Amino acid sequence: MPEASPAPAPRPKSAPQKAMEKLGLLRDIDLALHLPLRYEDETRLTPIAEARDGDTVQCEGEVVDNRIELRGRRQLLVKLRDERGAQLLLRFLHFYPAQQKAMAIGLRLRVRGEIRAGFFGREMVHPSFRKVDEDTPLAAALTPVYPASAQLPQAYLRKAIASALKRAPLDEVLPPALMQLPITRGLPPLRQALEFLHHPPPDARLQTLEDHSHPAWQRLKFEELLAQQLSQQRAQRERALLKAPALRAAPGGLHERLLAALPFRLTDAQQRVAEEIAQDLARPQPMHRLLQGDVGSGKTVVAALAAAVAIDAGWQCALMAPTEILAEQHFRKLIGWLEPLAVKVAWITGSVKGKARQKMLDAAASGEAMLIVGTHAVIEDKVQFKRLGLAVIDEQHRFGVAQRLALRKKLQSQVAHLDMAPGAPATAQRPAAPAASQAPAQEPHMLMMSATPIPRTLAMTYFADLAVSTIDELPPGRSPIVTRVFADSRRDEIIEKIAAAVRDGRQVYWVCPLIEESEALDLKNATETHQELSAALPQQMVGLLHGRMPPSEKAAVMSLFSGGQMSVLVATTVIEVGVDVPNASLMVIEHAERFGLSQLHQLRGRVGRGSVASVCVLLYTGPLSDTGKSRLRAMAETTDGFEIARRDLDIRGPGEFMGARQSGAQLLRFADLQEDAPLLGAARRLAPQLLDQHPAAAAAQVDRWLGGKAEYLKA
Ligand code: ADP
Ligand code: MG
């Protein structure tokens, strides 16, 4: 037998291949669904004499002149003459010697570009061109122009897509009977729709392709919406089958005592949402609820009350926040409320190390700590709970998608092996846990909190699986925040205002600009501003807070500021979420134009928490982009978080909402929730039928459209 030759080493990927992967174009189906942005009509030739100023056309002719001239600047001028003797000047301001050669006199060229009526007759600037023979055929279909990138030439992508389209598994999966709704009846099958959209015939009405009203587009959008509805409704059904411990407050227990001990009365809205949550907790299915309420509306205490219900019922509660600072604040606030009531609270973050960490881990594992507060460190493998009944995730949208998935996994692993005896306190001696196989699949309840409200349309479609509670009023006695927008040139004036505010005993935040590309620059800027303000306010303590400080230092600075000794806090966006210092009543945000709208709103929410009138100053450096302008205007015009969210959606579109961008999993690629509401309605109605009667088709549909992303949508 001949000796087996060693397997060939995998070929290194070419730059365009890598660029395709970066765009998420991995499978044939991904390529098939990568649709053109627009089309170029290369199916016909326009005689030069008939081309009108401003038209983008394709012409053909013989090169009769080719020279480099200095007309103000060096340029390549190529003259083309067609059969009828009309001339066209091709003008290149940037060119390579090879390009000059490729347009040598005597060659026949096919060129495409926009016609301009120039001083020297008809001309095209930087047309695309290629050498042809007299019998080179014209394109049979419109030429697609795809979203591409610098490393990925159109020609390469066109070829890859055309061949992927042939291979892609595009057979009809939807039962024809289901496609008989009035709105879906006339739509072409998916394969036909895609072939049409990639290579429309010359007589296709470009308008309907561009505004996506063409039946081929409608089919595509319907498919997408259907997949998304299927995945949502399936997740909902799966969740309904899960078990969870039914948690109820004990009469005279922690819940009652906490309510009685609070230093304030709950607002009506807080009472209402707390009741909604309590009802969910009392059910033997896991709660999956979002608590939304504007910044400062008092979500933390609602979470504490939910925790108290769980603890009353003998179960632990974990509360997670996206940053150490925020987690620490929660920790302090919760200790303040709960430790006097004899609840042990554990504290787990990345910065708690060594013995202290072990102690916390032990307390969580033994059930001695009934409330566990921390960052996402709480969901690390090493952390074990005795009986986790409720997980609360604060500022949920700030957690990355990967972290949200990890959290779900952790939760799923938590209670599955625990016995379900209700009500017994966790600290009591319990028999060894039964084997996992004997226990019903169950999960802890989950409460997510966010100050960024989900617009109704999104809630209905993406989060059909999510119950929503809304706190729609602020605690009494808050004075509204006045927001002013200033050019950075008036910085000195602002610093004087700060000096005056500080003399009146008020406290000030100064938020430094966000420099996404460079943490180092971010820091430099914050340090410089810190020096500038320290020099301008020699009598005052001016602190600095940034993400790179060790947590103990951060904590020290925060405690000086919340204790009132420090009057000005210069900070990077680490203070963005949740920080609560009621006496701080002036906030300056530098380079406000660099922040997103919801981020600005979050930042501004750090002031206006006490009864003093608060001011937020947005400093900007021009020139402002249109979206920059609309963001700042929105901030100046309203402090209502729901209105801000609505405008944010207008400015950015739903795809970028909810941090979808960072996950790479765009929410909807083709359909638009508002515009395609009728298709969405049809998809919502069909999804249950499909799940009930054609489960295999439903699964194929979800897999085709969402692939691995279905998991993300659930997280
Ligand atoms: P957020 O919803 O932004 O997380 P917090 O829970 O941090 O808001 O609450 C903001 C501030 O309002 C805290 O100082 C909190 O103690 C206080 N607070 C919450 N509820 C009430 C209430 N009903 N009456 C008065 N103050 C309240
Ligand atoms: Mg909060």
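Modeller: Helices (H or I, at least four residues) and strands (E, at least two) are DSSP runs, numbered from the N terminus, and the expected span of a helix is 1.5 Å times one less than its number of residues. This is a predicted model, in which local features need pLDDT of at least 70 and side-chain atom pairs count only at pLDDT 80 or more, while totals for chains, interfaces and linings use all residues. Residues are numbered from 1 along each chain as its sequence is written, and side-chain values use heavy atoms, with hydrogens and water left out.

Biologist: How far does helix α12 reach from its first C-alpha to its last?

Modeller: Helix α12 (residues 354–366) has 13 residues and reaches 18 Å, close to the 18 Å expected at 1.5 Å a residue.

Biologist: Which residues of α12 are buried?

Modeller: Buried means under 20% relative accessible area, exposed over 50%, and partly exposed in between (1.4 Å probe, protein chains only). In α12 the buried residues are Arg357, Met360, Leu361, Ala363 and Ala364. They lie on the same side of α12 because they cover an arc of only 160° around the axis, the arc being that of the directions from the helix axis to the C-beta atoms. The face turned away from that buried side carries the exposed residues Gly354, Lys355 and Lys359.

Biologist: Which strands do the buried residues of α12 pack against?

Modeller: With contact meaning heavy atoms within 4.5 Å, they pack against β11 (316–320), β12 (345–348) and β13 (371–374). Just after α12, Gly367 takes a positive phi of about 85°.

Note on methods:
Chains are lettered from A and ligands numbered from 1 in the order in which they are written.
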